[in-house]
Amino acid sequence: MKFVLASQNKGKLAEMQSILGELGVEVVLQSDLGLHVEVEETGTTFAENSMLKAKAVMEASGLPAIADDSGLCVDWLNGAPGVYSARYGGVETDEERYQLLLNNLRGATNRAAHFHTDIVCCFPNGDVLQAAGDCFGTIAYAPRGEGGFGYDPIFFVPELRKTFSQLTAEEKNAVSHRGNALRDFAIKLKDYLKEN
(Lines give C-alpha, C1' and ligand atoms only; values in the text may rest on other atoms or scores of the structure.)
Protein backbone atom coordinates (compact mmCIF):
# COMPACT_ATOMS: atom_id res chain seq x y z
CA MET A 1 0.00 0.00 0.00
CA LYS A 2 1.32 3.45 -0.92
CA PHE A 3 0.97 6.52 1.30
CA VAL A 4 1.96 10.09 0.49
CA LEU A 5 3.77 12.24 3.04
CA ALA A 6 2.40 15.80 2.97
CA SER A 7 5.89 17.27 3.29
CA GLN A 8 9.09 17.88 1.35
CA ASN A 9 11.20 16.88 4.39
CA LYS A 10 13.41 13.87 3.53
CA GLY A 11 14.31 13.42 7.20
CA LYS A 12 10.64 12.94 8.09
CA LEU A 13 10.28 10.57 5.14
CA ALA A 14 13.17 8.38 6.32
CA GLU A 15 11.73 8.26 9.84
CA MET A 16 8.27 7.27 8.56
CA GLN A 17 9.67 4.70 6.13
CA SER A 18 11.68 3.00 8.88
CA ILE A 19 8.69 2.64 11.20
CA LEU A 20 5.86 2.09 8.69
CA GLY A 21 7.87 -0.07 6.28
CA GLU A 22 7.49 -2.94 8.76
CA LEU A 23 3.73 -2.85 8.03
CA GLY A 24 4.29 -3.21 4.29
CA VAL A 25 3.51 0.46 3.72
CA GLU A 26 5.47 2.43 1.13
CA VAL A 27 5.73 6.12 2.00
CA VAL A 28 6.65 8.63 -0.73
CA LEU A 29 7.02 12.40 -0.81
CA GLN A 30 4.35 14.34 -2.68
CA SER A 31 7.11 15.58 -5.03
CA ASP A 32 7.80 11.93 -6.00
CA LEU A 33 4.32 11.96 -7.54
CA GLY A 34 4.87 15.31 -9.26
CA LEU A 35 2.67 17.10 -6.72
CA HIS A 36 3.51 20.44 -5.10
CA VAL A 37 0.60 21.12 -2.76
CA GLU A 38 1.14 24.18 -0.57
CA VAL A 39 -1.21 24.38 2.39
CA GLU A 40 -1.56 27.44 4.57
CA GLU A 41 -1.42 26.32 8.19
CA THR A 42 -4.37 28.29 9.55
CA GLY A 43 -5.27 25.84 12.32
CA THR A 44 -5.07 26.83 15.98
CA THR A 45 -3.88 23.35 17.03
CA PHE A 46 -1.25 20.93 15.76
CA ALA A 47 -4.02 18.42 14.91
CA GLU A 48 -5.93 21.00 12.83
CA ASN A 49 -2.80 21.89 10.82
CA SER A 50 -2.02 18.21 10.26
CA MET A 51 -5.57 17.60 9.05
CA LEU A 52 -5.43 20.53 6.60
CA LYS A 53 -2.21 19.21 5.05
CA ALA A 54 -3.21 15.53 4.93
CA LYS A 55 -6.65 16.25 3.44
CA ALA A 56 -5.25 18.53 0.71
CA VAL A 57 -2.57 16.04 -0.36
CA MET A 58 -5.00 13.09 -0.23
CA GLU A 59 -7.43 14.98 -2.48
CA ALA A 60 -4.64 15.93 -4.91
CA SER A 61 -3.09 12.45 -5.06
CA GLY A 62 -6.06 10.11 -4.59
CA LEU A 63 -3.89 8.16 -2.13
CA PRO A 64 -3.85 7.98 1.67
CA ALA A 65 -1.86 11.00 2.89
CA ILE A 66 0.03 11.46 6.15
CA ALA A 67 0.87 14.85 7.67
CA ASP A 68 2.29 15.97 10.96
CA ASP A 69 2.60 19.23 12.80
CA SER A 70 4.95 19.75 15.70
CA GLY A 71 6.14 22.45 18.00
CA LEU A 72 7.72 23.46 21.25
CA CYS A 73 5.47 24.38 24.17
CA VAL A 74 7.09 26.26 27.08
CA ASP A 75 5.24 26.34 30.41
CA TRP A 76 6.56 29.77 31.47
CA LEU A 77 5.32 31.23 28.16
CA ASN A 78 1.83 29.73 28.54
CA GLY A 79 2.53 27.10 25.88
CA ALA A 80 4.21 29.41 23.37
CA PRO A 81 5.60 29.21 20.77
CA GLY A 82 3.30 26.20 20.19
CA VAL A 83 1.73 26.05 16.71
CA TYR A 84 3.75 29.16 15.81
CA SER A 85 7.12 27.49 16.58
CA ALA A 86 8.39 27.79 13.00
CA ARG A 87 7.25 31.43 12.77
CA TYR A 88 8.00 32.53 16.34
CA GLY A 89 8.67 36.24 16.68
CA GLY A 90 8.60 36.77 12.92
CA VAL A 91 12.35 36.12 12.70
CA GLU A 92 14.00 34.21 9.87
CA THR A 93 16.44 31.63 11.24
CA ASP A 94 16.33 28.81 13.79
CA GLU A 95 19.07 30.51 15.79
CA GLU A 96 17.17 33.81 15.91
CA ARG A 97 14.06 31.95 17.11
CA TYR A 98 15.76 30.06 19.92
CA GLN A 99 17.74 33.14 20.99
CA LEU A 100 14.47 35.09 21.17
CA LEU A 101 12.96 32.30 23.27
CA LEU A 102 15.98 32.32 25.60
CA ASN A 103 15.62 36.11 25.97
CA ASN A 104 11.92 35.69 26.77
CA LEU A 105 12.84 33.24 29.54
CA ARG A 106 15.20 35.63 31.35
CA GLY A 107 14.27 35.51 35.02
CA ALA A 108 11.94 32.51 34.53
CA THR A 109 11.61 30.32 37.62
CA ASN A 110 10.19 27.43 35.59
CA ARG A 111 11.95 26.21 32.43
CA ALA A 112 9.78 23.13 31.84
CA ALA A 113 8.81 22.52 28.23
CA HIS A 114 7.71 19.79 25.89
CA PHE A 115 7.72 19.07 22.20
CA HIS A 116 4.40 17.87 20.78
CA THR A 117 3.53 16.17 17.48
CA ASP A 118 0.16 15.33 15.97
CA ILE A 119 -0.01 12.95 13.01
CA VAL A 120 -3.09 12.70 10.80
CA CYS A 121 -3.69 10.25 7.96
CA CYS A 122 -6.59 10.88 5.58
CA PHE A 123 -7.86 8.06 3.37
CA PRO A 124 -9.75 8.52 0.07
CA ASN A 125 -12.78 6.70 1.58
CA GLY A 126 -13.12 9.42 4.24
CA ASP A 127 -11.49 7.51 7.09
CA VAL A 128 -9.06 9.41 9.32
CA LEU A 129 -6.41 8.09 11.72
CA GLN A 130 -4.82 10.37 14.31
CA ALA A 131 -1.90 9.89 16.70
CA ALA A 132 0.10 12.11 19.01
CA GLY A 133 3.38 12.12 20.89
CA ASP A 134 5.27 14.24 23.40
CA CYS A 135 8.77 14.58 24.76
CA PHE A 136 9.17 16.40 28.07
CA GLY A 137 12.25 18.33 29.12
CA THR A 138 13.51 21.78 30.04
CA ILE A 139 14.95 24.78 28.23
CA ALA A 140 18.72 25.02 28.62
CA TYR A 141 20.33 28.35 29.52
CA ALA A 142 22.44 28.33 26.35
CA PRO A 143 22.57 26.28 23.15
CA ARG A 144 24.52 23.02 23.27
CA GLY A 145 25.39 20.57 20.50
CA GLU A 146 25.79 20.68 16.74
CA GLY A 147 23.07 18.34 15.44
CA GLY A 148 19.37 18.65 14.85
CA PHE A 149 17.44 21.75 13.84
CA GLY A 150 14.93 24.26 15.16
CA TYR A 151 14.93 24.45 18.96
CA ASP A 152 17.02 21.27 19.37
CA PRO A 153 20.12 23.11 20.74
CA ILE A 154 18.16 24.46 23.72
CA PHE A 155 15.80 21.54 24.46
CA PHE A 156 17.37 19.55 27.30
CA VAL A 157 16.26 15.99 28.11
CA PRO A 158 17.05 15.46 31.84
CA GLU A 159 17.13 11.63 31.73
CA LEU A 160 19.77 11.69 28.98
CA ARG A 161 21.52 14.80 30.31
CA LYS A 162 21.78 16.16 26.77
CA THR A 163 20.00 18.56 24.46
CA PHE A 164 18.32 17.20 21.33
CA SER A 165 21.30 18.60 19.38
CA GLN A 166 23.68 16.40 21.36
CA LEU A 167 21.80 13.16 20.66
CA THR A 168 22.51 10.71 17.88
CA ALA A 169 19.67 10.15 15.41
CA GLU A 170 18.92 6.81 17.09
CA GLU A 171 18.84 8.36 20.58
CA LYS A 172 16.58 11.16 19.41
CA ASN A 173 14.16 8.84 17.59
CA ALA A 174 13.86 6.70 20.74
CA VAL A 175 12.60 9.61 22.89
CA SER A 176 11.37 12.33 20.51
CA HIS A 177 7.82 13.57 20.18
CA ARG A 178 7.74 12.58 16.50
CA GLY A 179 9.14 9.12 17.25
CA ASN A 180 6.52 8.61 19.98
CA ALA A 181 3.73 9.84 17.69
CA LEU A 182 4.92 7.59 14.85
CA ARG A 183 4.99 4.52 17.10
CA ASP A 184 1.45 5.34 18.27
CA PHE A 185 0.38 5.85 14.64
CA ALA A 186 1.98 2.54 13.55
CA ILE A 187 -0.09 0.64 16.14
CA LYS A 188 -3.31 2.33 15.00
CA LEU A 189 -2.47 1.81 11.32
CA LYS A 190 -1.71 -1.88 11.88
CA ASP A 191 -5.17 -2.35 13.45
CA TYR A 192 -6.80 -0.33 10.65
CA LEU A 193 -5.13 -2.35 7.90
CA LYS A 194 -6.23 -5.61 9.55
CA GLU A 195 -9.85 -4.46 9.53
CA ASN A 196 -9.87 -3.04 5.98
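The structure is a predicted model, in which local features need pLDDT of at least 70 and side-chain atom pairs count only at pLDDT 80 or more, while totals for chains, interfaces and linings use all residues. Residues are numbered from 1 along each chain as its sequence is written, and side-chain values use heavy atoms, with hydrogens and water left out.

The protein contains five helices and seven strands; helices (H or I, at least four residues) and strands (E, at least two) are DSSP runs, numbered from the N terminus. Along the sequence the pattern is β-α-β-α-β-α-β-β-β-β-α-α. The radius of gyration, taken over C-alpha atoms, is 17 Å, close to the 16 Å that the globule rule gives for 196 residues, so the protein is as compact as a globular protein of that length. The globule rule is 2.2 Å times the number of residues to the power 0.38. The C-alpha trace spans about 55 × 30 × 25 Å along its principal axes. Of the 196 residues, 45% count as buried, where buried means under 20% relative accessible area, exposed over 50%, and partly exposed in between (1.4 Å probe, protein chains only). Among contacts (heavy atoms within 4.5 Å) with a separation of 6 or more, 59% come from residues 24 or more positions apart.

The seven strands form an open sheet with mixed pairing, in the order β2-β1-β3-β4-β5-β6-β7. Its edge strands, β2 (26-29) and β7 (162-163), each pair on one side only; two strands pair if DSSP finds at least two bridges between them. Strands β4 (residues 112-122) and β5 (residues 128-139) run antiparallel and are joined by 11 bridges. F115 has C135 in β5 as its bridge partner.

Helix α1 (residues 10-20) lies across β1 (2-5), β2 and β3 (65-74), at about 170° to β2. Helix α2 (residues 46-61) lies across β1, β3, β4 and β5, at about 160° to β3. For these angles, axes are lines fitted to C-alpha atoms, for helices over the stretch in contact, and angles run from 0 to 180 degrees between N-to-C directions.

With 16 residues, α2 reaches 23 Å from its first C-alpha to its last, close to the 22 Å expected at 1.5 Å a residue; the expected span is 1.5 Å times one less than the number of residues. Its buried residues are F46, N49, S50, K53, A54, V57 and M58. They cover an arc of only 155° around the axis, which puts them on the same side of α2; the arc is that of the directions from the helix axis to the C-beta atoms. Their cover includes β1, β3 and β4. G62, with a positive phi near 75°, follows α2.

Strand β3 holds D69, which counts as buried because its relative accessibility is 7%. Not counting residues up to four places away in sequence, D69 touches E41, T45, F46, N49, S50, K53, H116, T117 and D118.

Helix α5 (residues 177-195) has 19 residues and spans 27 Å between its first and last C-alpha, close to the expected 27 Å. Buried residues in α5 are H177, R178, G179, A181, L182, F185, A186, L189 and Y192. Their arc is only 155° around the axis, so they are on the same side of α5. On the other side, I187, K194 and E195 are exposed. The elements covering the buried residues of α5 include β1, α1, β3, β4, β5 and α4 (169-175).
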